[in-house]
Amino acid sequence: MYFNELVESYDRERRERDIFHDLMRYRVREVLLVASLYDSFILESDGALSDQIYGEFFKLNLTTAPRVTCAYTSESALELFRQAPFDLVILMAGLDYQGPLELAAQLKEAKPGTPVLLLAMNNSSLAGLGAECPGSFRNVDRVFVWNGYSKLFVGMIKYVEDLANVDTDTRVGMVRVILLIEDSVRYYSRYLPLLYSVVMKQTQQLVEDERVVETYKILRMRGRPKVILATSYEEAEALFRRYEPYLLTVISDLRYPRAGEEDPEAGFRFLRMSKERKPDLPVLIQSSEGGHRDAAYALGASFSDKNSQTLGRELEFFFQTQLGFGPFSFRDPEGVEYGRARTMDEFEDLLATVPPECLLYHAERNHFSAWLMARGEVRFARILRNYELDDFDGVRELRDFILRSMNELRRGKSRGIIPGLGTPRRERSLARLGGGSVGGKGRGLAFIKSLIDNLAFPQADSGGMDIRLPYTAFIGIDEFEAWMDSHNLWNFAWYEEDGRNLAAVFLSKPLGGELTERLKAFLATTEAPLAVRSSGLFEDMLMVPFSGVYDTYLIPNAHPDPDQRLARLCDAIRLVYASMFSRTARAYFDAASYKIEEERMAVVVQELVGARRGRWFYPLIAGTAHSYNYYPVSYLKPDDGLCVAAFGLGPYVVEGGESYRFSPRYPKLDVVSPEQRKSGGQRWFYALDMERLDFDLSAGEDATLARLDLSEAEDDPLLGLVVSTWNSQDQRLEPGASERGPRLVDFAPVLKYRALPFAEAIEAVLEVCSKSMGIPVEIEYAVNVDGPERRPVLYLLQIKPLIQNAEKISVDADSANKGDCLVLSDRCMGNGRIAEIGDLVYVDPARWDPLRTEAMASELERVNASLVAAGRPYILVGPGRWGTRDRFLGVPVNFAQISGAKAIVEADLEDFRVESSLGSHFFHNVTAMNIGYFSVPWGSPSAFVDWDAIRALPVLWRGDYCVHVRTQSPLDLLMDGTRGHGAVLKPGARLTGSDKSDNIYCT
């Protein structure tokens, strides 16, 4: 249901945005210039004609310049014209017009739709036509005169393009139209290029002022006003009526033909007609007779003297003051100015504060809609123009309506893009602080923003939980590359193996000056704690996600000195850069068969979700959620999904802390048994220390974090939403924290009694995201209760794919011959067969000690290094969670310490049972790289580790806790991704059983 709404919204948004792609479809790309050798020489005497055209196009920031092909005789011109597709033909004429006119007839006969323009060499040669404004040349679309004016070629080309595009552009994109009425060939040949130059420059300035994303600057230029030319009253009137809804202005000569006769008052007649039909339409009267100025003013028009030496500046002034291309000057009826707005942001700021009489003055005269029209906000301008002052109860309602409409306009324009850093007053979501790709994590966040913009996620039971993205800024990879280049760090970073020295050198190199200023401006928009996160190009890719490989730093952003806040942020960014070259990252690149030289680093700076409680800052809930549950229980199905939640900051979950699990579709069902909940469960949480102002980020990601006992949150009034209390008298759990007693973080008030519609919101997000990406997904999230209204908000922090391998392997743990297996599991992740493994490394259960897990990690690191160097993959078996940051739950290895493992087994012991690693970064990377993952719960009838058989294998090395054994013949590793079953076969064994395929393990 939600997905269908999303598709409709995306299609609607794409249609609206693609309007710019649909504009200016006809372009002049190939021009055939027919001229005598002499005329060609004259054209080329001041430089190649093509160079002149390219130069003028470059000056006007035009993106496509046409190619000019020359022909010197009528015969060669006809031959070229028939052989190649030309968009425009220009016929040069000196004193003899007969030849060019005859050629024009032949060209039109061959291809009637191709425009043909006649270009006279100079003013005196126009006499050969018998009139200054020929109208009888059936085969010539328009006559121009050159007079050595190189800009004329741009004017001619744009004139042809506008004439071909104006019908479609006005209908599709409501593009504005400028109607020029002028019968003098000499004058419009000079004036059209000038008019185009002003239109281009003014439009370009508007686009730049509004900080439009670079891609859309070019597209917005396509929406510039189109210029159409009329040379008589009747032609002008027909064009006026045809394009009346789209007219931006009329620029009219005073004297031109009407009813076949020259009428010295034709301009004034047309002015009166246009004002009767469109009273607010700006009109500019042009004449070489300066005495008509007062008459033009009296009729409500502007006036320009054709003989003026500053005609271009006067035209620019008219565009800025009358057509809305300049700043909007807020004035009252007495002419007192209250402010000027150059951009839409400034316009909105002033609109909210100017006095009522100022607002009424402009509203009565439709000044707002005219100014918005010039900026391409045609739909909004037309909405405003459709309202009268009588439609509102007063000035306050009018002001609120305009401001509300502008807010909706801004939200619509920001969909699907990452804008530049805005002003503090604006609604904050995404901002770009540096150019280039925003990396994998950044792409995911931009996608989430697009989902939120295009689909109002169902707010659970209409009054429930908002779904948002934290205020986020992106620093693109261009800044990273420029910084590395400017300090010559590439070779050093690639070959430096000492992580501490690498970080120290990176911290000693200042960031670029422009980026530092943008970071300072960003900090001026927020006082919240910040998460500075990596966003490498390879992060969150479909097959190799690089989850948790790079560093994230949390900073309080609370120092009273702004310079210190900026310095800490810069430090965090540089350390994120350094983490790309860490030992863990290098090992991951090697294991994934990628080259670190191909990676580039963007940075995501996010406001940290949460609230301050005394010294500590943390959210109410944080965790991960999967749209596909690999270990469904009871009546759950894999597609019902799984959510992993914890109280406090998210690193608790992604580092493998003891978290709570539930199905978003069936939140009241206990995924974990009551016995496990009481014996395990969350006992502590992460919080950001807001009073730790002097900290050294190079000490690690935990430099600003505090690990707090759950009792530290007893004074938090929201704790009762996430815990239950053990009633020892009644021997039962009671939801909430109103009574005294041991606390259990089980989210019962939220999940079972719906204190917050948390599960519904998670389910909706997973459904939309998985269908949008076309594969199962994992999200990271945080929940907080924000604002004075205490409204719950689900913040989406990240989205990435869950990986599934398509190779068909069949393993049935229930019916398999257990005597053939070293390891068998009905809770296996991964898919496929990995043969030829001869090494197995295990933590000896007899030597297991939860207090000595860090020493075990060190032993495993040494074994892994020797096996990787020898090119020998291995299987890793041990109790508890692999890769956890909580050393009491398992061995706290990082990926680099076990990078050679092709399968890891988490095996419960009778006196040591913990939940599996699902939800951690470590776990995600392991499964994404198709490293087999086996979970063996204690007492399961379908899962076991044959410890006796493992101990009987030949020992190559034995440490204090770990043992490395090697088989004489290879082990076979089988993973059935469909069933979620897997097996490690004993040397020489073949898995057999009772299913129809006889458990043939490769099908």
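The model is predicted.

Start with the whole chain. It holds 32 helices and 42 strands. Of its 1003 residues, 58% are buried. The chain exposes about 41700 Å². Carbon and sulfur atoms supply 48% of that area. Now look at how the chain meets itself. Take the contacts between residues at least 6 apart in sequence. Among these, 73% join residues at least 24 apart.

Next, turn to helix H6. This helix runs over residues 98–110, which is 13 residues. From first C-alpha to last, H6 reaches 19 Å. That is close to the 18 Å expected at 1.5 Å a residue.

Which residues of H6 are buried? They are Pro100, Leu103, Ala104, Leu107 and Lys108. These residues cover an arc of only 135° around the axis, so they lie on the same side of H6. What covers them? The cover includes three strands by name: E1 (30–34), E3 (88–93) and E4 (116–120). Helix H5 (74–83) is also part of the cover.

Finally, consider the cysteines. How many disulfides does the model contain? The count comes to zero, taking a disulfide as a pair of cysteine sulfur atoms within 2.5 Å. Cysteine 769 is buried, with a relative accessible area of 1%. Cysteine 821 is buried too, at 0%. Both values fall under the 20% cut-off for buried residues.

Key: Residues are numbered from 1 along each chain as its sequence is written. This is a predicted model: local features need pLDDT of at least 70, side-chain atom pairs count only at pLDDT 80 or more; totals for chains, interfaces and linings use all residues. Side-chain values use heavy atoms; hydrogens and water are left out. Helices (H or I, at least four residues) and strands (E, at least two) are DSSP runs, numbered from the N terminus. The expected span of a helix is 1.5 Å times one less than its number of residues. Buried means under 20% relative accessible area, exposed over 50%, partly exposed in between (1.4 Å probe, protein chains only). The arc is that of the directions from the helix axis to the C-beta atoms. Contact means heavy atoms within 4.5 Å. Accessible areas come from the Shrake-Rupley method with a 1.4 Å probe; for residues, only the protein chains shown count as cover.
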